[in-house]
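Hi,

Here is the structure I promised to pass on. Have a look at it first, and then read on for what turned up.

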Amino acid sequence: TTLQSSNKKFLLVFKMKQKMSYLLILLLIIISMNSFTLSVEGRKNHNKKTRGDKHHGKHVPTPSATPYNLINSRIFNVLNFGAKADGVSDDSKALEAAWKAACKVGYSIIEVPSKFKFLINPISLQGPCMPHLVLQIDGTLLASRNVDSWPKSSLFQWINFKWISNFTIQRSGTVDGQGSAWWNLSDQLQSFQKKSTKYIPEMKPTAMRFYGSYSVTVRDIGIINSPLCHLKFNNCGSVKVNNVTISSPENSPNTDGIHFQNTQDVEIQHSNIGCGDDCVSIQTGCSNIHVHHIHCGPGHGISLGSLGKDKAVAYVKDVVVENTTMQNTQSGVRIKTWQGGKGSVKNVSFSNIKVYNVEIPIIIDQYYCDKKKCKNQTTAVEISGVKYKKIIGTYSVQPVHLACSSNVPCTKVDLIDIQLKPSRESRESRKALCWNTFGESKAPLVPSSIDYCLQKGGGFNHDRLARSHENAC
């Protein structure tokens with residue numbers, strides 16, 4: 001009996017060891033097969049990278065997917081979502097798929113790799129998303145050159161970011177709007193209407209637009225050749241733009257660099273902006289705006305407005321522009337409003353501005369008109385509390401032009417340490433103009449016409465206002 005019991009135990013142990021041996025052998029086989037597969041895939045990818053593709057006679061690197069062990073990480077490479085990266089195929093769906101996947105994961109990165117070009121048709125990337133989402137642009141995003149292929153519903157912008165927060169765009173890549181085909185559309189429109197039925201869009205798209213977003217940072221990238229504005233923020237808050245390069249030709253119409261509307265708490269710094277319109281445009285509903293260490297040129301300078309068009313109500317306050325350089329621009333620092341508008345511009349400071357061959361460095365224009373003639377109107381956006389301090393350099397047309405409404409004068413406007421001399425390129429040199437502008441001026445003041453330009457005090461003379469109104473009528 002004892003022997004039988006011992007034999008049963010021996011057989012049981014033997015069978016268990018046998019099963020474990022089979023399992024171990026099976027596991028080793030699976031591991032070997034996976035290793036072989038990875039080795040083969042690795043050789044394939046290596047051969048692809050070494051061989052490359054030829055595109056239009058040029059050697060172009062072949063896209064390779066992110067290694068398998070990163071697919072489930074927080075990095076979402078657009079190549080893993082089907083992007084062809086040849087600058088010809090439409091990669092919009094790949095970018096959108098990468099966005100949707102990353103949007104669900106906190107602290108994630110959407111990667112647009114370097115050395116590749118991605119053709120992106122009009123696209124909307126929207127939230128809400130998990131916090132701290134990053135779009136890392138190392139390659140180049142290209143808009144379509146074909147104007148007539150753009151859908152009519154997407155003419156407002158090319159790349160639209162909507163309802164996102166805690167979001168960053170960064171790295172050293174380029175966003176290229178390829179806008180040259182759009183810039184001469186206005187000249188072509190009349191001839192097309194006479195000779196052809198070809199579709200001509202009624203408006204042009206902004207390259208990158210943020211809407212309804214909060215805590216947004218754009219840094220280090222380049223945005224070039226937009227059909228219209230390069231970078232626009234509508235109804236946003238807590239915006240930072242740092243070390244960006246914005247570039248389009250001087251003759252590209254309405255290609256503002258950075259445009260703000262109904263946006264608060266903004267800092268723009270250490271950036272280089274050259275375009276065919278305002279380097280920075282600050283519109284109604286904006287407050288607590290800080291612009292510093294910017295190089296602007298070519299372009300139309302840094303502007304508040306235009307404000308109050310079509311009798312609209314406009315409000316802008318708490319704006320600081322400082323430590324900035326303007327070169328070969330139409331304007332320097334400017335406030336422009338339409339006759340007939342309402343509202344106010346308050347607490348604005350322009351200081352430590354260096355100008356080189358700027359047509360008119362200091363401007364307040366409450367008679368702004370982008371047509372040949374505009375109707376005279378009595379109401380105006382009220383302007384008060386504007387300081388110009390240490391504006392130094394050269395002008396080509398006029399040093400100071402402060403043309404305020406005859407009915408609603410500008411008040412508390414200060415000119416302090418203004419030193420402006422005609423440039424070598426100057427063809428005419430007008431005297432400083434201050435119409436219905438009240439404030440204080442403090443030396444040094446060059447040219448001397450600035451010294452008696454402003455009317456003293458923070459208020460205005462009602463008798464003089466009445467007389468000027470009678471003369472205007």
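Which residues line the largest cavity? They are Val-78, Ala-83, Asp-91, Leu-95, Val-112, Phe-118, Ile-120 and Leu-141.

Before the rest, a word on what you're looking at. This is a predicted model, in which local features need pLDDT of at least 70 and side-chain atom pairs count only at pLDDT 80 or more, while totals for chains, interfaces and linings use all residues. Residues are numbered from 1 along each chain as its sequence is written, and side-chain values use heavy atoms, with hydrogens and water left out.

**Confidence**

The pLDDT (the predictor's confidence in each residue, from 0 to 100) averages 85 over the protein chain, and 78% of the residues score at least 70. Residues 190–195 have a pLDDT below 50, and beyond near neighbours in sequence this stretch has four contacts in the model; a contact means heavy atoms within 4.5 Å. Residues 458–473 are also below 50, and that stretch has 19 contacts beyond near neighbours in sequence.

**Empty space**

Back to the cavity. Rolling a probe the size of a water molecule over the atoms shows where empty space is left. The work is done on a 1 Å grid over the protein atoms alone: a cavity is a set of points where a 1.4 Å probe fits but cannot get out, a pocket is an open set with protein on both sides within 12 Å along at least five of seven lines, and lining residues have an atom within 4 Å of a point. Grid points are joined across faces, edges and corners, and a volume is the space filled by probe spheres set on the points.

The count comes to one cavity of 30 Å³ or more, and the largest cavity holds about 30 Å³ of space. Its lining divides into seven nonpolar residues, no polar ones and one charged. Here Ala, Val, Leu, Ile, Met, Phe, Trp, Tyr, Cys and Pro count as nonpolar, Asp, Glu, Lys and Arg as charged, and the others, Gly among them, as polar.

The largest pocket has about 850 Å³ of space. It is lined by 36 residues, and the closest to its centre are Leu-228, Asn-254, Asp-256, Asp-277 and Asp-370. The elements that give two or more residues to this lining are α4 (185–195), β16, β19 (258–261), β23, β24 (313–327) and β25 (331–337). These names come from DSSP runs, numbered from the N terminus: helices are H or I of at least four residues, strands are E of at least two. By class, the pocket lining has 14 nonpolar, 12 polar and 10 charged residues.

**Aromatic rings**

Rings of Phe, Tyr and Trp (its six-membered ring) pair if their centres lie within 6.5 Å; planes under 30 degrees apart count as stacked, over 60 as edge-to-face and the rest as tilted. That gives 11 aromatic pairs. In one of them, Phe-161 and Phe-167 are tilted, at 5.5 Å centre to centre with 40° between the planes. Phe-210 and Phe-233 are stacked because their ring centres are 5.1 Å apart and their planes are at 10°. This pair links distant parts of the chain, with Phe-210 in strand β13 (residues 206–211) and Phe-233 in strand β16 (residues 231–234), 23 residues apart.

Both Phe-161 and Phe-167 are buried, and Phe-210 and Phe-233 are buried too. Buried means under 20% relative accessible area, exposed over 50% and partly exposed in between (1.4 Å probe, protein chains only).

Most residues other than glycine have a negative phi, and most peptide bonds are trans. Ala-85, in the loop between β3 (75–77) and β4 (86–90), has a positive phi near 60°. Ala-85 is buried, with a relative accessible area of 4%. Asn-166 in strand β11 (residues 165–170) has a positive phi of about 50° and is partly exposed at 32%.

One runs from Gly-305 to Ser-306, with omega near 15°; Ser-306 sits in strand β23 (residues 302–307). Another joins Ala-443 and Pro-444, with omega about 0°, and Pro-444 is in strand β32 (residues 437–446).
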